[in-house]
Amino acid sequence: MHPILTTVIQRLGLGLLTLFVVSIIIFSSLEFLPGDFGQAVLGQAALPETVEAFRRELGLDKPPIERYINWVGNVISGDLGTSFSGRNSSGVDRSRDVWELIQPRLANTIFLASMTALIAVPLALALGITAALYRNSIYDRVVNSVTLTTISFPEFFVAYILILVFSTYFKVFPSLANISDATPFLEKIYRSSLPALALTLVIVAHMMRMTRAAIINLLASPYIEMAQLKGTSKAKVILHHALPNAWAPIVNVIAFNLAYLVVGVVVVEVVFVYPGLGQLMVDAVSSRDIPVVQGCALIFAGTYILLNLFADVISIITNPRLLHPR
Amino acid sequence: MNTPTTPNGGYSAANEVTMVKARRTFVQNLWRTLKTAPPTAWFGMLVIFLYLFVAFFAPLLAPHGQAEVFPMAYAPWSDEFRLGTDALGRDVFSRLIYGARNTIGIAVATTFLAFLIGGSLGLMAAISRNWLDQVLSRFVDVLMAIPSLIFALMLLSIFGSSAFNLICIIAVLDATRVFRLTRAVALNVVVMDYVEAAKLRGEGLVWIMRREILPNIMPPLVAEFGLRFCFVFLTIAALSFLGLGIQPPTADWGSMVRENAGLIQFAEYDLTAALTPMIPAAAIALLTVAVNFVVDWFLHQTSGLRDEH
């Protein structure tokens, strides 16, 4: 078998294994709850029978392994259980399906993330590559120190500066990103522009620095020096010798930062009251609504793992040394 | 230093070797190193000392208590309330000063705990290199496969948010990265002959960890401590900002930003009011920048681990 295929299959298997272990961790968050959480969810006035019925509904009377298998089966078929909120002590159950809560917000978060990625990725790559090519010039130093400062800023600081400048001082963009399904597409983009800008600033800084480091590292390798010494033109050195080896680090940088976006989105969504998944998760954490937290964590962690897996596979496939084995 | 000479005035290498070398004291050495520090590092150190000073002497510096409530909500900036008051009528300036103590204190405690856990486990894994190493490394791989903020949110929803839970959760999650670094750098030292010699002498695991390996892997760990501190500090600030970190009435910069965020909308009438929530956020940012500057210089000084020239 071709060595690339073996490596890719190995990597995919490892990714699936990670996903499996992560799902166990997320599943077992229900196990670690304090014993009286039935009371906490249903209220102090709940009858013992109601609490008992609630525990039975969650399946807490069955062995953990059986419950895990049921849970995974349900998750795969899109059933994440029902939310804890909306239940009360009298046993009346107005709780909503977790997937129903998550689905519209997931769409909003994907919209925001892809809007950010469309702006940030080309910008960061252009900045990073040019900074590496003209390194130690004034341009490089300015870009470098600006991005170092942005990295050190907490996301909410960047977000509030943007609100202060673009929304309250100069009224250009709305400070609250209030969007829904009914909002027309262009209006949606307009209202989401500040959150997207805040995320872009944070992510471009990371991505640009990593791209720059990767390219500098590459340009310092002996085969580039060799190509330069034998008089190859600058364009050919970059396109023919550097670029094939640059794909792996660049794809890694992009995936790493898109995964970072997963985390950044939580804080930024709260600042702009953007109706996305991050805000839902924060609300669920403060009301300790475990099924919703589990659902959100599963989606965030799954995205993160899949992005990293994707990057690894791409860098294996594009690796010239593996493509032409001896 | 006086030149080594022979009685008849010539140079003698033998005399130079036997001469007692005047050793510089620790303070002299420190000063010599500091003199070469770039202005950014000086700026960073100055800021860090200022923060530490404020954190230590918070009760003496703050004009009011951190939870003291005045009957004036959202008072403007004045002589009595240097930065105005918040929604409950608490003095923002005093809370900013106490916030230094609480926020930095918790971040430092968390980072220490993370290094204690991650560092000792990393050293143990590097020395033993058996099933323990395998188990710990795979466990860390899995923990690192989940973004740490998401993991922290999940754990906080299980255990509830309190300062103690916060410290433990973030410390354990951050220990994974410390573990990786410690294990990686310690692996290069473990194979050295003097470690082998110590093992043959029959020294115990703890002795080898503390006396043979730790002194040799200190520089990267110290630098990592600075970077980890920044990361922990930002994570705690973010969680507090989300209302899930340090709980009221304890003053803390992250939650102060959240509490006063509504004031931003008044920017066109009173710019100082709009700046009130920005000041604690700026305080967080300034400290992170300062620590980053110092760490950059330190890394340069000790090994040049980074590719910057």
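A crossing of two helices is called left-handed if the near helix is turned anticlockwise from the far one by less than a right angle, and right-handed if the near helix is turned clockwise. The legends below use this term for close-up views of a predicted model.

**Figure 1. Helices α5 and α13 of chain A cross with a right-handed sense.** In this predicted model, helix α5(A), which covers residues 98–133, and helix α13(A), which covers residues 290–317, have axes that come within 10 Å and cross at roughly 40 degrees. That angle makes α5(A) oblique to α13(A). On the side of α5(A), the residues that take part are V98(A), L101(A), I102(A) and L106(A), and they meet P291(A), V292(A), G295(A), C296(A) and I299(A) in α13(A). Sorted by class, this contact holds eight nonpolar residues and one polar residue, with no charged residues.

**Figure 2. Helix α5 of chain A also crosses helix α9 of chain A.** The axes of α5(A) and of α9(A), the helix formed by residues 193–219, come within 7 Å and cross at roughly 35 degrees. The crossing of α5(A) and α9(A) is right-handed. The contact of these two helices is made up, by class, of 21 nonpolar, four polar and one charged residues.

**Figure 3. Helices α11 and α12 of chain A are roughly perpendicular to each other.** Helix α11(A) runs over residues 234–271 and helix α12(A) over residues 277–286, and their axes come within 7 Å while crossing at roughly 85 degrees. Because angles of 65 to 115 degrees count as roughly perpendicular, the pair α11(A) and α12(A) is described in this way. From α11(A), the contact uses V265(A), V266(A), E269(A) and V270(A), and from α12(A) it uses G278(A), Q279(A), M281(A) and V282(A). In terms of class, the contact of α11(A) with α12(A) has five nonpolar, two polar and one charged residues.

**Figure 4. V273(A) sits in the loop between α11 and α12 of chain A.** The phi angle of V273(A) is near 50 degrees, which is a positive value in a residue other than glycine. For comparison, most residues other than glycine have a negative phi. V273(A) has 13 other C-beta atoms within 10 Å and is therefore partly exposed.

**Figure 5. The largest nonpolar core contains 157 residues.** Among the elements, α5(B) gives the most to the core, with 17 residues. A closer look at A198(A) shows contacts with E155(A), V158(A), A159(A), L162(A) and V268(A), when residues up to four places away in sequence are not counted.

**Figure 6. Chain A is shown as a chain of helices, with 14 helices and zero strands.** Buried residues make up 35% of the 326 residues in chain A. Of the contacts in chain A that have a separation of 6 or more, 71% are between residues 24 or more positions apart.

**Figure 7. Chain B meets chain A through a contact with 35 residues from chain B and 42 residues from chain A.** On the side of chain B that touches chain A, the elements that give two or more residues are α7 (148–159), α11 (218–241) and α14 (278–302) of chain B. Of these, α14(B) gives the most, with eight residues. By class, this side of chain B has 28 nonpolar, five polar and two charged residues.

**Figure 8. V92(B) lies in helix α5 of chain B and Y74(B) lies in the loop between α4 and α5 of that chain.** With 27 C-beta neighbours inside 10 Å, V92(B) counts as buried, whereas Y74(B), with 17 C-beta neighbours inside 10 Å, counts as partly exposed. Not counting residues up to four places away in sequence, V92(B) touches L83(B), G84(B), T85(B), D86(B) and T276(B). For Y74(B) and I246(B), which are 172 residues apart along the chain, the C-alpha atoms are separated by 22 Å.

Terms used. Residues numbered from 1 in each chain as written. Chains lettered and ligands numbered in written order. Predicted model: local features only at pLDDT ≥ 70, side-chain atom pairs only at ≥ 80, totals over all residues. Axes fitted to C-alpha atoms, helices over the stretch in contact; angles between N-to-C directions. Helix = DSSP H or I, 4+ residues; strand = E, 2+ residues; numbered from the N terminus. Parallel < 35°, antiparallel > 145°, perpendicular 65-115°, else oblique. Contact = placed C-beta atoms within 7 Å. Nonpolar A, V, L, I, M, F, W, Y, C, P; charged D, E, K, R; others polar. Buried ≥ 20, exposed ≤ 12 C-beta atoms within 10 Å, placed from the backbone. Core = buried A, V, L, I, M, F, W, Y, C linked by C-beta atoms within 7 Å.
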